[in-house]
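Let's take a friendly walk through a protein fold, one piece at a time. Have a look at the sequence and the structure before reading on.

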Amino acid sequence: MKTVAEVVLARRDDPNPALSFEARSWTWAEVVDEMVRRAAILTELAPEAPPHVGVLLDNTPEYLFCLGGAALCGRVVVGLNSTRRGDELARDIRHTDCATVVTDAEHRRLLDGLDLGKAAVVDVDGEAWRERASAVVPELPTTAPSPEDLYLLLFTAGSTGAPKAVRATHARAARAADSVMGFQPGDVLYCAMPMFHGNALFSTILPAMGAGAATALRRKFSASAVLDDVRASGAVFFSTVGRALAYILATPPTPDDRDHKLRFVLAPESATSDVDAFQERFGCPVVSGYGSSENVIIFLPQPGLPKDALGVPEADADVAVIDPETGEECPPARFDEAGRLRNADEAIGEIVSRNGLGRFEGYYNNDEATAQRTRGGWYWSGDLGYRDADGVFYFAGRTADWLRVDGENFAAAPVERVLASAPGVTGAVVFGVPDERTVDDQVMAVLEVADPTAFDPEEFDAYLQSRRDLGTKWTPRYVRLLSRLPLTATNKVDKTWLRRERWDGDGRVLWRPDRKGPLRPLTEADRAALADAIGHRGRVT
């Protein structure tokens with residue numbers, strides 16, 4: 001086993017292109033020189049255990065330099081999600097014991113007034129940082145990390161309402177660097193997915209480092225800019241997640257759509273229709289499949305699989321669909337002539353790995369969540385699915401109170417707290433409902449208000465826009481209005497009932513046909529169209 005420090009140092013004298021960003025470019029030798037300088041700075045800023053460095057930046061060269069610098073000096077990079085706000089962001093920083101938060105002028109304002117615990121905030125746009133970076137002597141640290149040492153903490157979301165920080169050691173990250181997927185020096189990999197997420201790190205940044213290929217870095221994803229950037233950089237690959245393909249396809253076709261050097265695109269969790277349309281329009285293969293930040297269960301797509309299938313497990317992986325109540329394996333799925341799932345009640349269960357526990361490195365500072373994931377010596381994914389008689393897996397939703405929107409995981413509780421504070425709202429329930437185009441979720445809120453007929457959607461949206469702590473993915477697409485939330489016998493809100501009814505129960509229901517547009521009434525025609533779009537997938541919520 002090796003470390004990411006060794007991967008970095010293998011590029012120290014490499015004259016090949018390594019990085020392009022906006023109007024600048026760097027060779028690998030120049031990039032590693034910057035990484036060595038950041039190692040000295042990070043050692044100075046976080047000298048004591050745990051030497052955790054939170055990074056709150058867009059995709060910039062500074063993020064990459066800090067990743068390499070941390071690897072060299074044994075610091076742990078905490079990828080801070082820049083879409084989180086307020087106390088939720090502060091909680092992430094405190095939970096991971098960050099000694100330092102590296103940020104810039106744009107993101108620093110998100111930290112104003114927050115309780116960050118012992119974390120010191122450092123602004124890379126400030127004069128002090130620039131002086132350090134230029135003045136420090138680029139010498140290697142005297143000690144090196146070991147493969148078993150922690151390198152990354154990457155946030156996901158869990159069923160308890162609190163995000164979980166997934167541990168990734170040097171060994172795991174170095175394996176990703178070795179998975180070069182046929183890349184070589186001179187190749188360019190385009191990266192627009194956020195670097196606080198495993199998708200960017202494990203599919204683009206680390207493989208480029210391992211292969212000696214270059215990365216064309218974009219500050220933020222822009223659907224209208226992707227193909228222009230790909231053409232300008234000569235990129236042979238890019239990775240997406242969630243609905244990114246759909247957003248790219250929504251841009252107007254041009255005569256240059258097939259004028260590129262792309263060999264393939266990685267697009268997990270994309271709708272089959274979007275994969276097909278992308279391949280047809282841009283003439284480029286798309287690989288989907290399934291994976292997670294925990295790195296335990298991976299499904300590989302194969303030619304000829306049914307539409308909407310996740311794929312099949314890796315060789316030698318013992319993956320099953322388990323009834324979480326009985327611990328027994330669920331029977332195979334049966335389908336009707338139209339491909340609709342006939343036995344959802346018995347076929348759908350939780351996707352479980354029965355021999356991959358050694359790949360899971362646990363959650364940081366959350367033994368309870370780690371134990372829940374690993375109960376009985378198995379790895380429980382938290383995802384629902386079903387498997388056909390040929391061993392092909394399908395996705396059927398997610399367990400407990402968490403959602404995944406556009407590839408971003410988050411818990412319902414923080415959203416509920418924001419919505420419940422809206423004027424006239426006395427209670428709020430939030431859960432995921434199927435996205436009609438992808439395997440991801442859309443946000444549905446059920447609000448308790450005195451008079452549903454008097455609810456003003458424009459006033460509600462104005463309130464949401466005023467909340468700094470509302471995550472960028474949290475705005476509800478569906479809003480159901482009730483004068484009283486249903487309760488269980490123990491006076492708890494009956495979420496199971498609300499999930500089952502979705503938008504089909506009583507009460508006034510509003511929705512956003514355009515996710516970024518205003519709320520309007522959900523009509524019977526809308527309900528029929530939604531049912532037709534999602535019903536064939538056997539999706540449950």
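## A covered strand and its partners

Thr156 stands opposite Lys164 in β8. Strand β8 (residues 164–169) pairs with β7 in the antiparallel sense over six bridges; two strands pair if DSSP finds at least two bridges between them. Helices (H or I, at least four residues) and strands (E, at least two) are DSSP runs, numbered from the N terminus. This is a predicted model, where local features need pLDDT of at least 70 and side-chain atom pairs count only at pLDDT 80 or more, while totals for chains, interfaces and linings use all residues. Residues are numbered from 1 along each chain as its sequence is written, and side-chain values use heavy atoms, leaving out hydrogens and water.

Strand β7 (residues 150–156) also runs parallel to strand β4 (residues 76–79), joined by three bridges. Here Val78 stands opposite Leu153 in β7. Seven of the seven residues of β7 are buried, where buried means under 20% relative accessible area, exposed over 50% and partly exposed in between (1.4 Å probe, protein chains only).

Helix α2 (residues 28–45) packs against helix α6 (residues 127–135) at an angle of about 125°, with their axes 8 Å apart. Axes are lines fitted to C-alpha atoms, for helices over the stretch in contact, and angles run from 0 to 180 degrees between N-to-C directions. The two helices are therefore oblique to each other, as angles under 35 degrees count as roughly parallel, over 145 as roughly antiparallel, 65 to 115 as roughly perpendicular and the rest as oblique.

Which residues of α2 make the contact? They are Arg37, Arg38, Ile41, Glu44 and Leu45, which meet Trp129, Arg132, Ala133 and Ser134 of α6. Contact means heavy atoms within 4.5 Å.

## Another enclosed strand

Strand β15 (residues 309–313) has five of its five residues buried, so it is largely enclosed by the rest of the structure. Strand β14 (residues 299–300) runs antiparallel to β15, with two bridges joining them. Phe299 stands opposite Pro313 in β15.

## A sheet with a helix on it

Five strands form an open sheet with mixed pairing, in the order β22-β23-β24-β25-β26. At the edges are β22 (425–434) and β26 (520–521), each pairing on one side only. Helix α17 (residues 524–534) packs on the sheet and touches β22, β24, β25 (508–511) and β26.

Within the sheet, strand β23 (residues 441–449) and strand β24 (residues 478–482) run parallel, joined by five bridges. Met444 has Tyr478 in β24 as its bridge partner.
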